[in-house]
Amino acid sequence: MYNVEIYVSYKESILDPQGQAIKKAVHQMNYASVESVRQGKYFEMMLDDTEEHPVNVVEEIADKLLANVNTESFVYTIWHHDSATGETTLIADTKCTQNNSSAADTH
């Protein structure tokens, strides 16, 4: 079984009005140390073991359905859980490479 987490948020170049509103509210609560807030969407997905290319499937779903590629970017993590052995293996984690310009440009 593949466990997938996908995070979708506005691209850095896009104004995030809801994030700005949250930041203002946080400051009104006297948390002046909060410098910025970005609002986004979080998705969990499970793929069965028959899927041979989970990274391709996740990228296609996120790119074509979950994110508006004109204004949003996405990062994801994919774990594989082997029910026979109980082992869990990290398959992909684009959150670790989101500062990489080539990875950020593709999402």
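Which residues have the most contacts inside the largest nonpolar core? In this predicted model, they are Val-4, Ile-6, Val-58, Phe-74, Tyr-76 and Ile-78, and the core as a whole has 14 residues. Strand S1, strand S2, helix H2 and strand S3 each supply at least two residues of this core. The largest share, 4 residues, comes from S1.

| Element | Residues |
|---|---|
| Strand S1 | residues 2-10 |
| Strand S2 | residues 40-47 |
| Helix H2 | residues 54-66 |
| Strand S3 | residues 72-81 |

Now step back to the whole protein. You can find 3 helices and 4 strands in it, and reading along the sequence gives the pattern β-α-β-α-β-β-α. Of its 107 residues, 23% are buried. The accessible surface comes to about 7,300 Å², and carbon and sulfur atoms account for 51% of that.

Is Ser-73 buried, partly exposed or exposed? Ser-73 counts as partly exposed because its relative accessible area is 22%, and buried would mean under 20%. The C-alpha atoms of Ser-73 and Tyr-7 are separated by 8.4 Å, although the two residues are 66 residues apart along the chain.

Notes. Residues numbered from 1 in each chain as written. Predicted model: local features only at pLDDT ≥ 70, side-chain atom pairs only at ≥ 80, totals over all residues. Heavy atoms only, no water. Buried < 20%, exposed > 50% of the residue type's maximum accessible area, 1.4 Å probe, protein only. Areas by Shrake-Rupley, 256 points an atom, 1.4 Å probe, with all protein chains shown as cover. Core = buried A, V, L, I, M, F, W, Y, C linked by side-chain atoms within 4.5 Å.
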